[in-house]
Amino acid sequence: MNLLLSLSFVLCWSSGFIGAKLGAGSAPATTVLMWRFLPLIVLLLVFSATRASTLRRRPTWRVVGRQSLIGLLSQSGYLLTVYYAIQLGVPSGTTALIDGVQPLVAGALAGPLLRQPVAPRQWLGLCLGAAGVAAVTTADASAGTAETWWAYLIPFLGMFSLVAATFLENRSRTPVAASTSMTIHSLTSAVLFTALAVGTGTTAPPADVTFWVAVIWLVALPTFGGYGLYWLILKRSGVTKVNALMFLMAPVTVVWGVLMFGEPLSLQTILGLAVALTAVAVVHRGGHASGRTAGTAYAAQEAPFRTPVDPLGPTNQTLVTQHLAK
């Protein structure tokens, strides 16, 4: 049962990148994101309105403002860059890999920004992770998959947006329920992406069934499937197991992209992935020290979620960004 749950979680979380690729083939990124978040926020608001605990514990305006900013960085900014990069031809696996080194970057920056000790293995892991990303990115660039060379820089903007959200979240001392933070983040994204779609004249969905398949895919698989399984595995197996599974997203997405979209897979790409996974193993060897110095934020992929108390984090909290990338 645990193996099946783990496999389902990895597939659902990785599906965010694949869904973005699927949607990019039929509509601009702003259109996909707008129609992804409009039905999602309706579902979340209805869910919140029917929960008595939510009505009793309404967040203060200060909490709403802070969570809106965190959502703007960890969800809106992150997803917009991921979707736009994929729209420009950057392979889904490459965006997943760049997203995957975010915890290594956050760990290395914890020293100068938070004045926390950074172990030598963290710097070694960061260097190895950067080398792996560079190998995969240059392999993709040589294959000419993207429309322009600077498209490969866009996912890095999203990754650093996640890093900024991580440190902002770590400075917050006010606990926020996962359902509350998810609703605020998603509402922020729905408003922003709708405004961008209106401003660019891209609100109208295409008359293409693939578009709606992508929208349903993105709402059901990475959002509810990935998020629900995340919490289930967290409850059954703990945060260490979940964190380990998160680092399988990049290789799974690469293989999925090759099989579903015919994205290029060269020996250099395989070696780059191997180096990046080695970086993760180096950092998480004796992982408690790594957790104390950095806390961890993940991408989802797409939507970020507050987890229960994380004893490894400096402020006892973990940002999960979904991927929902985705």
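Which residue takes a positive phi just after α4? Gly-89 does, with a phi of about 105°. The structure shown is a predicted model, and the legends below describe close-up views of parts of it.

**View 1. Helix α4 and the residue that follows.** Helix α4 covers residues 61-87, 27 residues in total. From the first C-alpha of α4 to the last, the helix reaches 36 Å, close to the 39 Å expected at 1.5 Å a residue. The helix is not straight throughout: α4 has a kink of about 40°, centred on Leu-72. Gly-89, with its positive phi, comes just after α4.

**View 2. A nonpolar patch on the surface.** Four residues make up this patch: Tyr-84, Trp-149, Trp-150 and Leu-153. Together they have about 470 Å² of accessible area. Trp-149 sits in the loop that runs between α7 (120-143) and α8 (154-170). Is Trp-149 buried or exposed? Trp-149 counts as exposed because its relative accessibility is 64%, and the cut-off for exposed is over 50%.

**View 3. Ala-151 in the loop between α7 and α8.** Like Trp-149, Ala-151 is found in the loop between α7 and α8. Ala-151 has 0% relative accessibility and therefore counts as buried, since buried means under 20%. Which residues does Ala-151 touch, leaving aside those up to four places away in sequence? They are Ala-85, Leu-88, Val-90 and Ala-146. Ala-85 is 66 residues from Ala-151 along the chain, yet the C-alpha atoms of the two are separated by 5.7 Å.

**View 4. Helix α8.** The 17 residues of α8 reach 25 Å from the first C-alpha to the last. Helix α8 is mostly covered, with 13 of its 17 residues buried.

View 5. Side chains of opposite charge can pair when their charged atoms come close. How many salt bridges does a search of the whole structure find? The search finds 1. In the pair shown here, Glu-263 forms a salt bridge with Lys-21, and their closest N and O atoms are 3.4 Å apart. The pair links distant parts of the chain, as the two residues are 242 residues apart. Lys-21 belongs to helix α1 (residues 2-24), while Glu-263 lies in the loop between α12 (249-261) and α13 (267-283). Glu-263 is buried, because its relative accessible area is 8%.

Definitions and conventions. Residues numbered from 1 in each chain as written. Predicted model: local features only at pLDDT ≥ 70, side-chain atom pairs only at ≥ 80, totals over all residues. Heavy atoms only, no water. Patch = residues over 30% accessible without salt bridge, like charges linked within 9 Å, V, L, I, M, F, W, Y side chains within 5 Å. Areas by Shrake-Rupley, 256 points an atom, 1.4 Å probe, with all protein chains shown as cover. Salt bridge = Lys/Arg side-chain N within 4 Å of Asp/Glu carboxyl O. Helix = DSSP H or I, 4+ residues; strand = E, 2+ residues; numbered from the N terminus. Buried < 20%, exposed > 50% of the residue type's maximum accessible area, 1.4 Å probe, protein only. Contact = heavy atoms within 4.5 Å. Expected span 1.5 Å × (residues − 1). Bend = angle between axes of the 7 residues up to and from the residue.
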